[in-house]
Amino acid sequence: MSLRLYDTATRSVRPFEPLHPGRVGVYVCGPTVQAPPHVGHLRSAVALDLLHRWLREKGLAVTIVRNTTDVDDKVIHDAAHAGEPWWALATRSSRAFTQAYDAVQVLPPTAEPRVTGSISEIVALVQRLVDGGTAYESGGDVYLSVRKVPSYGALSGQSPDHLRASERAVPHGHSGQKRDPLDFALWKAAKDGEPSWPSPWGPGRPGWHIECSAMAVTHLGEEFDLHAGGVDLLFPHHENEAAQSAAAGHRFARHWLHHGLVVGPGGEKMSKSLGTGALVAEVLRGCRPQVLRYALGAAHYRSSMEWSDQVAAEAEAAYGRIENFVRKAGAATEGIEVDESLGKASWEEFAAALDDDLGVPQALATVHAGVRAGNALLAADERGPLAATLAVVRRMLAVLALDPVTQWPASERDLRPVVDALVTLVVQARADARAARDWQRADAIRDRLAAAGVVLEDGADAAQWRLA
Ligand SMILES: [Zn+2]
């Protein structure tokens, strides 16, 4: 296969070779659902959606598994603060995530396992580690003996000795005693007032890291193609996943892919700097979803990206140029046959960019070059070459989920400003009639608007309108 992806484990861009020809298994660390999503969560989803779509474009059958952590310390803590059950908060937040993914057309995963629906698989994996001697029980908790996993630290490029020096004392919140500060909890003994499930070590709930190891193997098998997540998950989450899976005798992920994070205008971590203004629901009030998708997907997935109103405005301008070209060229070339050979070079350039570690900036440069060339053909009225240029531009946009025709057709939301402008025009005509004391005409306009379901409310300076 021609696709090459950066692999965190080898710290190099290397060929991506599926374990089974023709199909690919991908595991994505999904959200912990203690709050609705912000644009950082959506950037993660858009980056991995591009990988999903590019693999599909290459003819591969993709199984993509994205978990939901619906019970953990944060969910329990925040729900208790709000005075509601933890599962109510998790359900509401989980729905907000799905709505946000759908809003920007992230393809749904093949499976979306929840921690609370995976407890028996998680308990079985912990038991396997205890039986194998790499995990031990202490006071109802179960810990992994990090020192018994020789490969520990290899994924994130750290040595256990270095980690030990930086490790603080045993963290609060655990009932049992660790044998080594590096050890981490696979199972946490139940505390008063917290949800728990039965286990061989008494009632409790899973530690965060073990969940992903169990859910990945349940859906994708003991060895699978690719494990993805944000770079903030590399350590300790992914290092711990890799360690416990190796200790269980699983070959686990063949390729590790990490995407960069979204930061505020000053480069600071997004959740802190942008507050509720960065919530997806809030951002979508002022930014069309296709523009948000464009903005979040435009940077290379491995770089960190800034989020600000200016970034949104620049994306609106850039995507607006694409939409404008597609609309005008579509109208000018209706019924003209497309010579696909004319677009071949652009498509190959685009494909080469994506094959090179998902090089979206270069791929988008090819799209914009196509738009500029197309605008020149439009001006010169060269309809044959224009039709071919439009076809290849739209083919490239479709891979990016940005085709204005099929993927983002005009919606009622787009019509609202148009309707508002038209009604305002009619209201002005009525005001002109009244100013000219043509009462009959003014009343006729009002009546016809009323028949169309538009009610006028005469205010101090101008008439407002609403739907009846
Ligand atoms: Zn995970």
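Leu226 sits in strand β9, residues 223–230. Strands (E, at least two residues) and helices (H or I, at least four) are DSSP runs, numbered from the N terminus. The model is predicted: local features need pLDDT of at least 70, side-chain atom pairs count only at pLDDT 80 or more, and totals for chains, interfaces and linings use all residues. Residues are numbered from 1 along each chain as its sequence is written.

- Leu226 is buried, because 25 other C-beta atoms lie within 10 Å. The cut-offs are 20 or more other C-beta atoms within 10 Å for buried, 12 or fewer for exposed, and partly exposed in between, with C-beta atoms placed from the backbone.
- Contact means that the C-beta atoms of two residues, placed from the backbone, lie within 7 Å.
- Val33 is 193 residues from Leu226 in sequence. Their C-alpha atoms are 23 Å apart in space.

**Whole chain**

- The chain holds 16 helices and 14 strands.
- Its C-alpha atoms fill a box of roughly 90 × 60 × 35 Å, taken along the principal axes.
- Of the 468 residues in the chain, 39% are buried.
- Take the contacts between residues at least 6 apart in sequence: 72% of them join residues at least 24 apart.

- β1 and β2 run antiparallel and are joined by four bridges. Strands pair if DSSP finds at least two bridges between them.
- Leu5 has Arg14 of β2 as its bridge partner.
- The two strands, β1 and β2, form a hairpin with four residues between them.
- Arg11 lies in the loop between β1 (4–7) and β2 (12–15).
- Phi of Arg11 is near 55°, a positive value in a residue other than glycine.
- Arg11 counts as exposed, because it has 9 C-beta neighbours inside 10 Å.

- Asp381 is in the loop between α13 (360–379) and α14 (383–399).
- Phi of Asp381 is near 55°, and Asp381 is a residue other than glycine.
- Asp381 counts as exposed, because it has 8 C-beta neighbours inside 10 Å.

**Helices α6 and α7**

- Two packed helices are described by the angle and the distance between their axes.
- The axes of α6 (residues 208–220) and α7 come within 9 Å and cross at roughly 55°. Axes are lines fitted to C-alpha atoms, for helices over the stretch in contact, and angles run from 0 to 180 degrees between N-to-C directions.
- α6 is therefore oblique to α7. Angles under 35 degrees count as roughly parallel, over 145 as roughly antiparallel, 65 to 115 as roughly perpendicular, and the rest as oblique.
- On the α6 side, the contact is made by Trp208, His209, Ile210, Cys212 and Ser213. On the α7 side, His237, Asn240, Glu241, Gln244 and Ser245 make it.
- The residues of this contact of α6 with α7 divide into three nonpolar, six polar and one charged. Ala, Val, Leu, Ile, Met, Phe, Trp, Tyr, Cys and Pro count as nonpolar, Asp, Glu, Lys and Arg as charged, and the others, Gly among them, as polar.

- Pro236 lies in helix α7, residues 234–247.
- The peptide bond from Phe235 to Pro236 is cis, with omega near 0°.
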